[in-house]
Amino acid sequence: MYVAVKGGEKAIEASHRLLDSARRGDPGVPELSTRQIAEQLGLAVDRVMAEGSLHDRELAALAIKQAQGDLIEAVFLLRAYRTTLPRLGNSEPVDTGRMAIRRRISATFKDLPGGQILGPTYDYTHRLLDFRLADEGGSRDRNPAPEAERGPAAEEPVPRVVDILGREGLIEEESAPETGGAPPADITREPLRFPADRDARLQALARGDEGFLLALGYSTQRGFSNNHPFAGEIRYGAVAVEIVPEELGFAIEIGEIEVTEVQMVNQFTGNARTPPQFTRGYGLVFGHQERKAMSMALVDRALRCAELDEAPASPAQDEEFVLYHSDNVEASGFVQHLKLPHYVDFQSELELLRKLRAEFEDPPAEAAE
Amino acid sequence: MAATLNGPALRPGFAAPVPDSQQVFRRVLAAMSEPGAVQDIAIALTPPAPLDPATAAVCLTLLDFETPVWLDAAADNDDTRAWLRFHCGCPLAGEADGARFAVLARPEAAPPLAGFRLGSEAYPDESATLVVQAASLEAGDAVDLRGPGIEDRRAFRAAGLAEDFWKQRRDLERLFPLGVDLLFASGASLAAVPRSTQIGL
Amino acid sequence: MAEDGYNFAYLDEQTKRMIRRAILKAVAIPGYQVPFGSREMPLPYGWGTGGIQVTASIIGRDDTLKVIDQGADDTVNAVSIRKFFARTAGVGTTERTEDATILQTRHRIPETPLGPGQILVYQVPIPEPLRWLEPREAETRKMHALEEYGVMHVRLYEDIARFGHIATSYDYPVRVNGRYLMRPSPIPKFDNPKMDRSPALQLFGAGREKRIYAIPPHTGVRSLDFDDHPFEVQKWEDVCALCGSGESFLDEIVTDDRGGRMFVCSDTDYCGRRREAGHTGPATRDPEGSGA
């Protein structure tokens, strides 16, 4: 006799125990500490913080450990925690012109004030597996990083390339929002609306899935809305975060975060009213994530098509398409919800299909006429 | 909550904010779901004059920093403002059309209903909810309500409204889905007439 | 008791207020999708985050909650959601439809008619009824504003031209109170008539899509149709193998790989209660048989 599937709760508990054991792996191998993850898988931590919209290395490392290194699952864990946190206030805009720079390159000028600083990068590594790293402790006898290459000694502000172009009036002007003006959009509090403003778009891109943005950015380079990008500047380093407590009335620094900022210099425009000038695409993400920040800058520029009187013709220019599908936590949930039972809807389809099939094979009299 | 702000003791809000606001919300939801049916908020409150307990309970339940509220001249006094700011943290709207909520403590002198936010065709939800503090929800001329939430028709009374209040409200019907949603409060009693309700005079 | 470290029913009070305000506007404008600041929940998007946020915003200690998925109380996702509320709100739960004050559902409306004072909360994956016809939100919002629903009729009519029937068997579009076109969530069209003039309040939550909508009690809900092709619901030639009901929505169970199958009620509470009351079906009358 048929017995309805019971014991869902027990099944769930058993599944959780299996998951714990799979996560731990062979107990004979030492357990990873979250500190090891934060220190030695730093780029994974950066990505989880960026797409999780929460700057906290320890929590991101914990999420990565708990998710067995599944970064999208880790982003989800971090987001679900973030949503329970109280909102105490908004920071002042960070000033990347005053960044303590670890890496800074420009593809548009051979040399410029502040210089080109290669910093830590995989760019010129030969992608040969380094078997010394396979041995535990294999990285111990490496050369320490040269002091002089750790960054500029002075705390001198390093001017941004776009500001240099801006002084000549050759790139469109962008002014920082006034202090005390309307706070920027927050798509985690208010749903997106279309057409979306640029602040909401940039927030969506900053927390958007790296792979999705990479593919979209790439598509713009292959002719699906080419906008002739030059990597005006890529800079990575630490910036101060400041808040203005109501009771003080002036800004105080509450800490530092590392960010990667990309300013793309794009195809120029101009018309009877505005002189010809370059346009901008902007990318900013937590940590050291150049691939993500560059993709973001390409997509930001593509999404500015309406504002720049360009006919939207490509996927990267379609803001509903881009913004509604860039969030990997939303996408992952909905794709995977297909795992949930759909007996009822499937039964409805089955019943309809059987009826249509029967009529196809044995047409009703009126249809046969 | 015995907080003081440079002066007389601020009157308390909910004794237990989490369960109290949930309970009041369910009464408001029941009121909105069954237009004209009178609910009892069943919570003891001692708000500043001229707010009735039901008016105050609605404010404590629904208002916060995201909801600019407009107070009519009768409700707009220092005690009420301090109480709302402390317990709800809501900004006060200077003009009726800038408010998401309004408290009409003396509805016979209320500004025109059409002067509040009615929403837009694309976003009709971006409209005002008015808390109308009536002298009574038992006395007054009965109006006949029909529409969603009402099985057939329901008689509703609210005393102390402006003479042309219901006519104004009926005139808004042709703008549906634009409109304002009305919550009526009196003592500890609560009722609602959302924009979807048709008024028969 | 509620889980330590989190607020009653998980959501913080500001989020509840925001959702409560959205629910009230949804009730005031029947069938209209109110945008809301959907929060990230500890369950995946697409797995009921909208319904959970609605339930968390309305539920209180005195409530009794029933959670079903596919009509059943014991499917894994229903168990998981019920446990979430038992943990975070410490509320009583039930499987009996008439004992519940709040019912959260995915894909079904219970067979037992709902009564006044009950609230049915639907989990909604895609709230926009016009979405498959027009993928852009900016456009569909305009179509709702202008009440431009002709495209939906055209689509249904194309089905008739092609198949002789409207080929939509679930998530079948309805008009609410003669105004807004609404998606009832992926319930089978079998359940559509239960929405019409129901004495219960019906709330719909779409978490990923960040929309809430509602049908107040006693509100007209009309399934779209044509004079010459009136709306009709599914019928089965079989009855429930367990309780013998010929009136409920039946799930098909494959019993072997030689074409053997049987049909059982999708509503487990309804079916179990009928059996308790002494009703039998082909399988329960004949313990050896498969009921086929």
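How many salt bridges are counted between chain C and chain B? The count is five, and the legends below describe this contact and other close-up views of a predicted model.

**View 1. The contact between chain C and chain B.** Each partner contributes to this contact: 37 residues come from chain C and 37 residues from chain B. Together the two chains bury about 3100 Å², of which 61% lies on carbon and sulfur atoms. In chain C, the residues that lose the most area to chain B are C:Arg21, C:Leu24 and C:Lys25, which together account for 22% of what that side buries.

**View 2. Salt bridges and polar contacts between chain C and chain B.** A salt bridge joins C:Arg17 to B:Asp64, with the closest N and O atoms 2.9 Å apart. Between chain C and chain B, 19 residue pairs are in polar contact, both residues being at pLDDT 80 or more. On the side of chain C that touches chain B, at least two residues are supplied by each of helix H1 (13-28), strand E1 (34-35), helix H2 (49-58) and helix H4 (137-145) of chain C. H1(C) provides the largest share of that side, with 12 residues. Sorted by class, the side of chain C that touches chain B holds 20 nonpolar, seven polar and 10 charged residues.

**View 3. A stacked pair of aromatic rings in chain C.** Over all chains, the structure holds 18 aromatic pairs. In the pair formed by C:Tyr122 and C:Phe204, the ring centres are 4.0 Å apart and the planes meet at 10°, so the pair is stacked. This pair links distant parts of the chain, since C:Tyr122 belongs to strand E5 (residues 119-123) of chain C and C:Phe204 to strand E8 (residues 201-206) of chain C, 82 residues apart. C:Tyr122 is buried, with a relative accessible area of 0%. C:Phe204 is likewise buried, its relative accessible area being 0%.

**View 4. An aromatic cluster in chain B.** Ring pairs connect B:Phe156, B:Phe165, B:Trp166 and B:Phe184 into a cluster.

View 5. C:Thr94 is located in the loop between strand E3 (92-93) and strand E4 (102-106) of chain C. Is this residue, C:Thr94, buried or exposed? Its relative accessibility is 12%, so C:Thr94 counts as buried, the cut-off being under 20%. A polar atom of the C:Thr94 side chain lies 3.0 Å from the backbone nitrogen of C:Arg96. Leaving aside residues up to four places away in sequence, C:Thr94 touches C:Thr64, C:Leu65, C:Lys66, C:Asp73, C:Asp99 and C:Ala100.

Note on methods:
Residues numbered from 1 in each chain as written. Chains lettered and ligands numbered in written order. Predicted model: local features only at pLDDT ≥ 70, side-chain atom pairs only at ≥ 80, totals over all residues. Heavy atoms only, no water. Contact = heavy atoms within 4.5 Å. Buried area = accessible area lost by both parts, 1.4 Å probe. Salt bridge = Lys/Arg side-chain N within 4 Å of Asp/Glu carboxyl O. Polar contact = N/O pair within 3.5 Å; in protein donor to acceptor, adjacent residues only side chain to side chain. Helix = DSSP H or I, 4+ residues; strand = E, 2+ residues; numbered from the N terminus. Nonpolar A, V, L, I, M, F, W, Y, C, P; charged D, E, K, R; others polar. Phe/Tyr/Trp six-rings, centres within 6.5 Å; stacked < 30°, edge-to-face > 60°. Buried < 20%, exposed > 50% of the residue type's maximum accessible area, 1.4 Å probe, protein only.
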